[in-house]
Amino acid sequence: MAITSEALISVWLHLPAILVTLALVYFTRNYLKPGAASIPGPFLAKITNLWRFIDVANGRAEVTLYSLHQKHGDYVRLGPNVVSVRNMDALKTIYGINKGYQKTNFYSVQQQLAKGRPTPTLFTTTDEAFHAAIKKPISSAYSMSTLTEFEPFVDKTIHTLFGRLDEFVAEAKVCDIATWLQYYAFDVIGELTFSKPLGFLEKGTDIDGIIIALEHMLDYSGKIGQMPWLDYLFIKNPLRSFFKGGSTGAVARFARARIDERLNQKGTSPMANTQKDFLDRFLEAKEEYPAVVNDNQVVSYTISNMNAGSDTTAISLRAILYYTLKSPRVSMKLHQELTVALEENRISLPVSWKQSQEQLPYLDAVIKEALRLHPAVGLMLERVVPAEGLQLPDGPFLPAGTIVGANPWIIHRHQIFGENVESFVPERWLQMDTESEIEFQDRKQKMLRATFTFGAGPRTCIGKNISLLEIYKLIPSLFLRYKIEFDDPSAEWAIVNAWFVRQKNMDVRLTLNDKAKIGS
Ligand code: HEM
């Protein structure tokens, strides 16, 4: 007995020394992680993920990472076991088809709870077999060929947006266009998914707190995703689930309500009409693939649409508008292209998808350039190195389990894109006087291959065509209908990188361009 208490006292007396020794062992093991150990990076990042947690919490992680890559080259160590990659050949492997690189637990943190259980979606699942199974039944709904079927939904929302913006014109009021573009993006995705806008444009407000809930979810998962185990202390804490019922997400509530409505009004649903929305297509998938698609999976598809497709589109629209307005030269060139095309009846208002693709090459360059300079996603698209490991070109061998990936903000500033990569130069997407057609196509293909706006590989954005439809129709229509000027031309927008790099403070004044009459 006496011996036991003496031992306990001795441990107690030496506790600080024991803890310090354990911490030293832990940090040293982290520092010496095989493979990653020889990659440069901030000292603290080599011993703890707390470094990247704090960096992301500070809200401009893409800026830190860019300067680290400028300093260290193609590979930067961001955590004991985490490597940011800028080498294009390595990225071909990491995001290659059938290469076995799975998403990391960064994505599990984004899985919302339903009845206390995390529900993986198309976007957030880390299980590749499950991903393939749930993608197959619905991938055709997102194909290029369905775009024209979705176009009337987009037209409808553009009309509603213009109705609201006209009120700012009539009252000569300053318009916070960043917010109205977000309302547009949310209402379009509501229209496309449920044939029902979420009602943001009509009410001019954040209905049911959906936008703020999504913002909180992104703030949380951007940070916590750097140390995913923290999720089990906070949102996925079993005690919290027990006391709070364990369901998260205003978006999920909205989605479930719309699905219940649809199931209750069978026969009068848009399925009976010619215009099929996403929900119709998901319900068709349920009939065709009953073993994979049940009611919960239908809800999950709709949530993926809303969570992945609304903020990202709003951010892209804001970037296009901001950079264009900030450059009088670009504004003028774009304005000229649009007004000439309208006068010659080559385009209508709203501009159709087909017209935007065939008649407006400068618009295309402007959009590509804005999405290059400000991709919506601002953290690494993390993947886990599979069993065979990864030999980095001109770098070390990384063993299985190392977390690797690219941040679109870094790749988009690669020398492949030419000079002045920090500047907004749409012309880099057009043929130069000194360049033959073949040379131009070659250069353009290289830039397109290095474009990560919509991700890359088997987990690339399924909604890319849909968002391009929303963007390529709204932007030219907006510039045709309105003369848009910043209220304070010298003011800068405010940016926060919380996984998605959202912007605020874009006050503009609008005047009506009388020549551009909107069609029905
Ligand atoms: C400009 C707008 C958009 C941008 C910038 C964007 C960006 C991305 C990116 C970067 C990824 C890959 C994420 C990763 O690898 O970690 C992704 C995946 C995804 N996106 Fe988008 N997205 C946009 C619009 C949309 C829209 C409109 C929808 C739905 C209608 C959508 C649905 C999805 C889904 C479901 C995934 C997961 C795909 C999979 O893992 O198979 N996105 N998106």
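Biologist: How many salt bridges does this model hold by the rule?
Modeller: The count comes to 35 salt bridges. The model is predicted.

Biologist: Is Glu 191 buried or exposed, and how do you know?
Modeller: Its relative accessibility is 2%. Buried means under 20%, so Glu 191 is buried. Lys 156 has 46%, which makes it partly exposed. Exposed would need over 50%.

Biologist: What makes Arg 262 and Asp 277 a salt bridge?
Modeller: The closest N and O atoms are 2.7 Å apart. Arg 262 is in helix α14 (residues 250-264), and Asp 277 is in the loop between α14 and α15 (278-288). They are 15 residues apart. Both residues are buried.

Biologist: Why does the pair of Glu 369 and Arg 428 tie parts together?
Modeller: Their closest N and O atoms are 3.0 Å apart, forming a salt bridge. Glu 369 lies in helix α20 (residues 361-373) and Arg 428 in the loop between α21 (408-411) and α22 (437-449), so the linked parts are 59 residues apart in sequence. Both Glu 369 and Arg 428 are buried.

Biologist: What makes Glu 215, Asp 219, Arg 502 and Lys 504 one network?
Modeller: Salt bridges that share partners join these residues.

Definitions and conventions: Residues numbered from 1 in each chain as written. Predicted model: local features only at pLDDT ≥ 70, side-chain atom pairs only at ≥ 80, totals over all residues. Heavy atoms only, no water. Salt bridge = Lys/Arg side-chain N within 4 Å of Asp/Glu carboxyl O. Buried < 20%, exposed > 50% of the residue type's maximum accessible area, 1.4 Å probe, protein only. Helix = DSSP H or I, 4+ residues; strand = E, 2+ residues; numbered from the N terminus.
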